[in-house]
Amino acid sequence: MRQTLIEKIAERYTVDLKPEQHVYAQDFVSVRPKHVMTHDNTGAVIPKFRSIGATKIFDATQPVFALDHDVQNTSPQNLAKYAEIEEFARANGISFFPAGSGIAHQIMIEECFATPGTLIVASDSHSNIYGAVAALGTPVVRTDAAAIWATGETWWQVPPVIKVTLMGELGEGVTGKDVILALIGTYSHDEVLNSVLEFSGPGVAHLTMDARLTISNMTTEWGALAGVFPYDAVLRDFLLERAAYFQARGDTQPRMTNQIIAALDKADLQPDPGAYYAKEIIYDLASVTVGVAGPNEVNIVSPLQQVEQVQIKIDKAYLVSCVNSRLEDIRAAAQVLENKQVAPGVKFYLAAASAAVEREARRLGYWNTLTNAGAITLPAGCGPCIGLGQGVLEAGEVAISATNRNFKGRMGSGEATVYLGSPATVAASAAAGFITGTKNGQAKVSRAFLNQINTNTTDTAMERGGVKILDGFPRVLQGELLFASKDNMNTDAIYGKEFTYQDKLTPEYMASVAMLNYDPKFQEIAQRGDILVGGWNFGTGSSREQAATCLKYRGIQLVVAGSYSQTYKRNAFNNGYIVIECPILVELLKNQYAQPTEATIRTGQRAIFDFERSHITAFGQTFAFSPLGEVAQALVIAGGFEQLLQKRIQVSS
């Protein structure tokens, strides 16, 4: 089978591949990423690292620490935490960037830790940003970070791959922020949820690096796990600039050189012709106009022209965060505010993505233009984007922000209102006192008929052949199907919040409260040995792992769903519990029980799960599911990821 670029990169970083074995979407693999980044949460990963029995860093070149979240906090407690992280880095020879250096994701890009064709993970949801430099950047949880520190490896299931073909070019004044807001607003019904995106098409060449960084960053808000642009002339020029910067700085071991770029030119950094994609989105950049997202929702997107007619009065404006505070963004805001003043009663907050960006903005005069206009400057870091430090929102306030999220309460009070827009929109609004923009920013040519999404219904799981079954893993499981038809089954419905933070509950008690928030009758209907079939996006919501373990303890052998929250799936396998996706079986049950009279239905249908053939037999039919390879099986046999890690550490010590 031909491979996508995502599959090729994942294969390059997969360990223990057999001869002629290739990696494809939905495969469970053990990966050894080039780098793992942690920020302030390094303080939480350190005790996790020690709790699994680790005493030394496997490869000191893998971790990168960069303090960026709570950099305005000078309390003794926070300074002590920062000092502990720095000492841990120094003692183990780990790359460390102190508070004030900038936002960790920006540093990973500027310092060329993330480079084309590499797998880069980070304990932060906006790791998708590394896709702008043709790296496969994706988030991991803290246990994964600790595992990589200790063993160099973690496990990953390669998500479905979606091809996003960009056509045309942007109109004057339309930005990368407007592109990603348009994509999120157009495809706002989980079309890309838990997938990885490959951007391609002639429109890509018209996007600057800063625009690509913005788009890749906010594929997180779109619901994707990565958003990867190709290696092309625009990216190559960016890398040449970085190589020249490192040379001028006098780096003895620069992470980017002309020789490295020459090697990249010859590398296989393109998908194979005819590679399989789960979906393809075709989108015309020329149809994009300046947009505003909100209030308090990223996927509610309206044309700026429509919003500014209402003249929504603002109290605060923000040009901060990892998505939109690079040089191009600061320049755009400075051009808008040249010889202008921030409106009376409005506070306009400015923070560069990194100290290097701020120095360059000062050198070019952009910083001075903005401060002369009345901007309030903050240190390079996250700050008000996550509701920390100076500038957070108070109850009743309204803001326009160039950040990536405007969730209720994220930037301060839950009684505040936040809209998202481009840097130029933020600057224009700060000057006007209400949400508005510049005269530019209209669609170049509207060819909206190009904006379409196509789903590939080919079942590639049927083509994959047999699976080797490890000792201790069942070849076959069978049981009666129990159907809970609800889509977007959230973790609170599966395991209530009133139990989540009670750490000393027994497995038996946890089992007894499973699914009660969804169906009070579940406990009397369910039987040990049943197999639960859910709907789409099963396990959405909070990251509580008990939503997986309570079903395991209840004796539900496994869960089948049309799709999962990626966090839920990871929590399940991290606790040695099997969950599989089988959309065709789910659709069959949804059609059969189109008007269910009960929340939980005993189907009376016994199903046989053949893990060697990756088939389910039920209703006189055979349904395929993605193979559970040796990595997934090993997690189940060991009883979970931490147990597997402890065994590996004991063997290697």
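Which residues of helix α2 (residues 42–51) are buried? In this predicted model, local features need pLDDT of at least 70 and side-chain atom pairs count only at pLDDT 80 or more, while totals for chains, interfaces and linings use all residues. Residues are numbered from 1 along each chain as its sequence is written, and side-chain values use heavy atoms, with hydrogens and water left out.

The buried residues of α2 are T42, V45, I46 and F49, where buried means under 20% relative accessible area (1.4 Å probe, protein chains only). Helices are DSSP runs of H or I with at least four residues, strands are E runs of at least two, and both are numbered from the N terminus. Viewed down the axis of α2, the buried residues fall within an arc of 110°, so they line one face of the helix; the arc is taken from the directions from the helix axis to the C-beta atoms. Their cover includes β2 (35–38), β3 (63–66), α3 (76–92) and α5 (142–151), with contact meaning heavy atoms within 4.5 Å. Just after α2, G53 takes a positive phi of about 95°.

Turning to the sheet, 5 strands form an open arrangement in the order β10-β9-β8-β11-β19, with mixed pairing; two strands pair if DSSP finds at least two bridges between them. Strands β10 (226–228) and β19 (452–455) stand at the edges with a single partner strand each, so one side of each has no neighbour in the sheet. Strand β11 (residues 279–284) pairs with β19 in the antiparallel sense over 4 bridges, and I282 has Q452 of β19 as its bridge partner.

Terms used. Buried means under 20% relative accessible area, exposed over 50%, partly exposed in between (1.4 Å probe, protein chains only).
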